[in-house]
Amino acid sequence: MSSTLLPKEANPAVPNLPYYTPRHVADPGAPFQPSSSTPTLFTPLKIRSKTMRNRIVVAPMCQYSTAAEGPDIGKLTDYHVATLGHYALKGAALVFIEATGVQPNGRITPHCPGIWSDAQTESFKRVSDFIKAQGALSGVQLAHAGRKSSTVPPWIAASLKKPSLRASKEAGGWPEDVVGPMGGDENSWDGKGLAEDGGFYPPRQLTISDIQETVMAFAQSARRAVEAGIDVIEIHAAHGYLIHQFLSPITNRRTDQYGGSFENRTRLLVEVVEAVRAQIPTDMPLFLRVSSTEWMEESELGKKYGSWDVESTMRLARLLPALGVDLLDVSSGGNHPLQRINMFSSKDYQTKIANQIRQMAKTNNLKLLIGAVGLITEAEQARDIVEEGPDRSIGEEANAAKEMTDAKGGKEPMADVILVARQFMREPEWVLKVAWKLNVDVAWPSQFLRVRFPKL
């Protein structure tokens, strides 16, 4: 009885890693035999020098799982390798590291990651290396929380039946260094100042010098991300964090060059984009996440001061290609507790806006890709309407994802990529399940081949 001995090259390792992990036989999440009938969702997309293996992106998701003090403050850990790496292993095209503080006071909580120091770079490289070893692209979202910073992780607040809870100095917070375009108790996010039932600290108003330091902090954080081997950078200008606070006339009533007119309110964002673009390679993709509307148009504040709305986002979008932004990630809300919409229970509110912006971009011949989030909410509600059980929900999700990006038969897609967040926490294998439901024969990770879904 004889056996064939295979050389070690038969199971090659991913190169340039300090540990062994096998190179996949085929790229997980990519079709084996793409054809004209393959849904756009599972076709590659090249952005500058990077190619996504499909159109599904893991959106940044706060995990509040880094050290709040000491030599490891802000550094990514094995937890991030385990979670983010698993999404990459199971076929996502691009996996974003969560909102990452460009300054210590830019974190949402003391337990959020940061890349304000060269000492933090290696931890990002380790996570990025593993994501890329699984065939995905790695991304990082650079952020500053502004007046929404120095809070505690949400599960701690929830345990005390609070929607938000301030992080004191004893909890690792920075009560005296919460900042925003405007200062004072009335400019805390919930408007409650230091009242006992408030969940946010009052900010101090940033000076011109402070603003310039913040712009440089974004630039230097981008430099570190490049050194860590990150493939894609996203600038966070949404959800009521610092840059969004400057964009909105409700939260930015400054009278200097950073407030007042549209040009002045967008100045910080433009300067950040320019500074980041100058620090990264010309062939590196740059994304921007915005709240396309803050849902304040019908509020008293919106009527009094104006608000950031879809028209404002379209006006901004027209500027982005010349600034070097490749993709606009369209979200909404988060800047004020009086917003008129509940983002977590509203059907397809963001996907329709993404479509509207994409059509505008096409009409104006803008070289700007559009990313949409919120389709899973749409799919879940569609499922509920027809009273399908949870075991069938993936069909609605798959169809919603396909419809968002499909460009077949002369049809215009609503978006170029989709960004999915919480569903990946429920189902890390979501990409593979969507492909299965759409009858797309995609590769699975080498280690999981024996448990592939059977063909429908």
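Begin with the lining of the second largest cavity in this predicted model: its largest share, 3 residues, comes from strand E4. The space inside the second largest cavity amounts to about 50 Å³. Colour the selection by residue class, and the lining of the second largest cavity divides into 7 nonpolar, 4 polar and 1 charged residues.

Next, turn to the largest cavity. Its volume is about 60 Å³, and the model holds 3 cavities of 30 Å³ or more. Select Met-61, Gln-63, His-80, Thr-83, Leu-84, Tyr-87, Phe-96 and Glu-98 to display the lining of the largest cavity. Two elements, H1 and E4, each give two or more residues to this lining. Which element provides the largest share of the lining of the largest cavity? That share, 4 residues, belongs to helix H1. By class, the lining of the largest cavity comprises 4 nonpolar, 3 polar and 1 charged residues.

Now show the strands as a cartoon and hide the side chains. In what order do the 8 strands close into a barrel? The order is E3-E4-E5-E8-E9-E10-E11-E12, and the pairing is parallel. Within this sheet, neighbouring strands are turned by 25° against each other on average, with direction ignored.

For a view of one strand pair, select E10 (residues 327-331) together with E11 (residues 369-372). These two strands pair in the parallel sense over 4 bridges. Which residue of E11 is the bridge partner of Asp-329? The partner is Gly-371.

Finally, zoom out to the whole chain. The chain contains 15 helices and 12 strands. Its radius of gyration is 22 Å, close to the 23 Å that the globule rule gives for 456 residues, and the chain is therefore as compact as a globular protein of that length. Taken along the principal axes, the C-alpha atoms of the chain fill a box of roughly 85 × 50 × 45 Å.

Key: Residues are numbered from 1 along each chain as its sequence is written. This is a predicted model: local features need pLDDT of at least 70, side-chain atom pairs count only at pLDDT 80 or more; totals for chains, interfaces and linings use all residues. Side-chain values use heavy atoms; hydrogens and water are left out. Two strands pair if DSSP finds at least two bridges between them. Axes are lines fitted to C-alpha atoms, for helices over the stretch in contact, and angles run from 0 to 180 degrees between N-to-C directions. On a 1 Å grid over the protein atoms alone, a cavity is a set of points where a 1.4 Å probe fits but cannot get out, and a pocket is an open set with protein on both sides within 12 Å along at least five of seven lines; lining residues have an atom within 4 Å of a point. Grid points are joined across faces, edges and corners, and a volume is the space filled by probe spheres set on the points. Ala, Val, Leu, Ile, Met, Phe, Trp, Tyr, Cys and Pro count as nonpolar, Asp, Glu, Lys and Arg as charged, and the others, Gly among them, as polar. The radius of gyration is taken over C-alpha atoms; the globule rule is 2.2 Å times the number of residues to the power 0.38.
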